[in-house]
Amino acid sequence: VQLQESGPGLVKPSQTLSLTCAVSGGSITTNYYYWKWIRQPPGKGLEWMGTITSSGSTYYSPSLKSRTSISRDTSKNQFTLQLSSVTPEDTAVYYCAVGKVVATTGYDYRGQGTRVTVSS
């Protein structure tokens with residue numbers, strides 16, 4: 001399975017960050033796999049942000065739930081992260097990944113990551 005993130009590298013404070021993960025070599029509707037977004041701020045560890053399941057159910061980190069939305073396009077085999085009202089603290093490398101556990105930073109496969117900077 002290959003995953004590839006895409007989206008803007010620079011976002012202004014208060015705007016909405018939108019990233020897309022294109023998946024190949026596997027289907028996002030395959031049972032028992034959980035498609036997730038993870039991020040790593042500079043100098044910090046990995047943080048689980050949210051997950052969308054093979055049936056389209058979503059789960060979010062409590063600390064980010066009010067600002068996060070994950071959706072999918074099964075016809076394109078891709079899923080999308082939206083993070084609203086961003087601040088410089090949201091500056092991080094963002095990864096899309098797939099694994100067998102819903103709400104962790106663990107994964108079986110992961111994209112190479114995309115660096116997002118929040119700055120005016």
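A disulfide is a pair of cysteine sulfur atoms within 2.5 Å. The legends below describe a predicted model, in which local features need pLDDT of at least 70 and side-chain atom pairs count only at pLDDT 80 or more, while totals for chains, interfaces and linings use all residues. Residues are numbered from 1 along each chain as its sequence is written, and side-chain values use heavy atoms, with hydrogens and water left out.

**Figure 1. The disulfide between Cys 21 and Cys 96.** The structure holds one disulfide. The sulfur atoms of Cys 21 and Cys 96 lie 2.1 Å apart. The two cysteines belong to distant parts of the chain, 75 residues apart: Cys 21 is in strand β3 (residues 17-24) and Cys 96 is in strand β9 (residues 92-99). Strands (E, at least two residues) and helices (H or I, at least four) are DSSP runs, numbered from the N terminus. The torsion about the S-S bond is about 65 degrees, so this disulfide is right-handed. Cys 21 has a relative accessible area of 0% and is therefore buried; Cys 96, at 0% relative accessibility, also counts as buried. Here buried means under 20% relative accessible area, exposed means over 50%, and partly exposed lies in between (1.4 Å probe, protein chains only).

**Figure 2. The fold of the whole chain, for orientation.** The chain has zero helices and 11 strands, and its pattern along the sequence reads β-β-β-β-β-β-β-β-β-β-β. Its radius of gyration is 13 Å, close to the 14 Å that the globule rule gives for 120 residues, so the chain is as compact as a globular protein of that length. This radius is taken over C-alpha atoms, and the globule rule is 2.2 Å times the number of residues to the power 0.38. The C-alpha trace spans about 40 × 25 × 25 Å along its principal axes. Of the 120 residues, 41% count as buried.

**Figure 3. Positive phi at Tyr 32 and Ser 85.** Most residues other than glycine have a negative phi. Tyr 32, in contrast, has a positive phi near 70 degrees. Tyr 32 is found in the loop between β3 and β4 (34-40) and, at 65% relative accessibility, counts as exposed. Ser 85 is not a glycine either, and its phi is positive at about 50 degrees. The loop that holds Ser 85 runs between β8 (78-83) and β9. With a relative accessible area of 43%, Ser 85 is partly exposed.

Figure 4. Not counting residues up to four places away in sequence, Thr 114 touches Glu 5, Leu 19, Ala 92, Val 93 and Tyr 94. A contact means heavy atoms within 4.5 Å.

**Figure 5. Pro 42 in the loop between β4 and β5.** Strand β5, at one end of this loop, covers residues 47-53. Pro 42 counts as exposed, with 58% relative accessibility. Leaving aside neighbours within four places in sequence, Pro 42 is in contact with Thr 91 and Ala 92. Lys 12 is 30 residues from Pro 42 in sequence, and their C-alpha atoms are 18 Å apart in space.
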